[in-house]
Amino acid sequence: MTKTWAKREAYNPHITIVTALFDGHWTGVPHSVGIYDESWVDKLYRGIERNLTIPFEFICLTEKTRQFLEPIKQVRFSRSVDQYGWMSLMEWYRPDLCTGNRCTIGLDTIITGPLDDIFNYKPEKVALCTDPYHPHLICNAITLSTPAFAEEIWNIWLNNEQKILRECTLFGAPSEMVLLRKLYGNSPRIDDMFPGRIVSYKVNIVPMNIAVEDTSIIYFHGEPKPHLLQDSWVGRHWV
């Protein structure tokens, strides 16, 4: 059955997808510098559009005007990415971005299967993922959150910025994931609710613990990134 979409303004989204694109030269994370461009955002949008039947909005935070092929809403970062580096991703949770629930997702993610049940999950505040290397910790491969959570964490950030920048660091750089670990480490884990559907490429796919065909979201962390792979499934799903 062919899916048809009305114009975005014709309906209210059930969920807002939020991602971010910026050059990253001052982020302090070398493996991510000079990799991402507009095509990564378009591919992520198309992967979601192919696998999601509920209405959605797609927002990309950017540090400059970009040219996308897909109907992606650009929103400028409110602060200098050069100054805040990866802590700029706190803006994923800016309350002004949307009025309903949101999903944050990194560009180094390939959508491989159905998303409706995952994105229809309604957390009390926020749901995160299990760190693939440290199962006692959470990670931000994807997050699902409510407007109340966005207000809460955004106010924490605004009122404690300098302390957070000093104390929440990863690999020597400020990291919003570390803040999430400190404050929301006991939150529900999306990958536990949907076993085998939200997985790490390096930890689950490379050793063939999980088949690509059984997954919905494959996320990458560190190296390699999707553009370096020759696997046939990448060519089918990351287009």
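User: Which residues does Thr62 touch, leaving aside those up to four places away in sequence?

Analyst: This is a predicted model, and in it Thr62 sits in strand β2, residues 56-62. Once residues up to four places away are set aside, the ones Thr62 touches are Leu21, Phe68, Gln74, Val75, Arg76 and Phe77.

User: Is Thr62 buried or exposed?

Analyst: The cut-off for buried is under 20% relative accessible area. Thr62 comes in at 1% relative accessibility, so it counts as buried.

User: How many of the residues in helix α6 are buried?

Analyst: Helix α6 runs over residues 176-184 and is mostly covered. Its buried residues are Glu176, Met177, Val178, Leu179, Leu180, Arg181 and Tyr184. What covers them includes β6, β7, α4, α5, β8 and β9. The tally for α6 is 7 of 9.

User: At the start of α6, which backbone nitrogen does a side-chain oxygen of Ser175 reach?

Analyst: Look at the start of α6, where that Ser175 oxygen comes to within 3.2 Å of a backbone nitrogen. The nitrogen belongs to Met177.

User: How many disulfides does the structure hold?

Analyst: A disulfide needs two cysteine sulfurs within 2.5 Å. For Cys103 the closest cysteine sulfur, in Cys129, is 8.8 Å away, so that's too far for a bond. Cys129 has its closest one in Cys139, at 5.2 Å, which is also too far. The structure's disulfide count is 0.

Conventions. Residues numbered from 1 in each chain as written. Predicted model: local features only at pLDDT ≥ 70, side-chain atom pairs only at ≥ 80, totals over all residues. Heavy atoms only, no water. Helix = DSSP H or I, 4+ residues; strand = E, 2+ residues; numbered from the N terminus. Buried < 20%, exposed > 50% of the residue type's maximum accessible area, 1.4 Å probe, protein only. Contact = heavy atoms within 4.5 Å. Polar contact = N/O pair within 3.5 Å; in protein donor to acceptor, adjacent residues only side chain to side chain.
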